[in-house]
Amino acid sequence: MSNSKELIQLIKDCAAGKTSAQARLYGLFAPKMFGVCMRYSKDQTEAEDNLQDGFMKVFEKIGTYKHQGSFEGWMRRVMVNVALAKFRKQNQLFPVDDLSNYDREDDDTEIDQSISGEALMKLIRELPPRYRMVFNLYVLEAMSHREIAEELHISEGTSKSNLARARMILRDRIRKELMDAEKNFTA
């Protein structure tokens, strides 16, 4: 968008139900929102479904946008909420039995920073759904455990234990990836 007045008009046109405006808005924001959906989906097909459902919700609710704060941030939140709603319908979260086994924040400092962002996102997508969701909400959306617990209808302890377990799994997988890469390099 060349300026904010143009975006404001586009939003108004979308709220009025103009399909050409909706198509333009979709074209402008779909690539970024697809990235958001991928973080909360088990695969590309689910991400595409979440993107479509998310845009349907955006077009349904666009008239409620108050033009305060970032429109892209508002749209991102809609996409995350769509993914959360689908997740709540399909999954049940269970606490990890003993949080003390996983509550070692200092372990994160041992991980080499040489893994690419793309490889890290792939590893995150491979996490079990309950761990992936809590990890994404905590790390990528900067939500507190209390907020996550409210969103997912779980206890704060369950949120904390699922985050700790996700971190442990990721740390172990990253170490394995780095060791495998080192073996291939020296071979």
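1. The protein chain has 8 helices and 0 strands. The model is predicted. Read from the N terminus, the elements of the chain run α-α-α-α-α-α-α-α.

2. Some totals for the chain come next. Of the 187 residues in the protein chain, 38% are buried. Take the contacts between residues at least 6 apart in sequence: 69% of them join residues at least 24 apart.

3. The largest nonpolar core has 48 residues. Leu25, Phe71 and Met75 have the most contacts inside this core. Two or more residues each come from α1 (4–15), α2 (19–39), α3 (44–61), α4 (71–90), α5 (117–125), α6 (129–140), α7 (145–152) and α8 (156–186). The largest share is from α4, which gives 9 residues.

4. Met75 deserves a look of its own. It is one of the residues with the most contacts inside the core. Which residues does Met75 touch, leaving aside its neighbours within four places in sequence? Met75 is in contact with Leu25, Phe29, Met33, Phe55 and Val58. Leu25 is itself among the core residues with the most contacts.

5. Next, the pairing of α3 with α4. These helices pack at an angle of about 125°, and their axes are 9 Å apart. The crossing of α3 past α4 is right-handed.

6. The residues behind that packing can be listed by helix. On α3, the contact is made by Glu46, Asp49, Asn50, Leu51, Asp53, Gly54, Phe55, Lys57, Val58 and Lys61. On α4, it is made by Trp74, Met75, Val78, Met79, Val82, Ala83, Lys86 and Gln90.

7. Two histidines call for a backbone check. His67 lies in the loop between α3 and α4. Its phi is near 60°, a positive value in a residue other than glycine. His67 has a relative accessible area of 37%, so it is partly exposed.

8. The other histidine is His153, in the loop between α7 and α8. His153 is not a glycine, yet it has a positive phi of about 60°. Is His153 buried or exposed? With a relative accessible area of 63%, His153 is exposed.

Key: Residues are numbered from 1 along each chain as its sequence is written. This is a predicted model: local features need pLDDT of at least 70, side-chain atom pairs count only at pLDDT 80 or more; totals for chains, interfaces and linings use all residues. Side-chain values use heavy atoms; hydrogens and water are left out. A nonpolar core is a set of buried Ala, Val, Leu, Ile, Met, Phe, Trp, Tyr and Cys residues joined through side-chain atoms within 4.5 Å. Buried means under 20% relative accessible area, exposed over 50%, partly exposed in between (1.4 Å probe, protein chains only). Helices (H or I, at least four residues) and strands (E, at least two) are DSSP runs, numbered from the N terminus. Contact means heavy atoms within 4.5 Å. Axes are lines fitted to C-alpha atoms, for helices over the stretch in contact, and angles run from 0 to 180 degrees between N-to-C directions. A crossing is left-handed if the near helix is turned anticlockwise from the far one by less than a right angle, and right-handed if clockwise.
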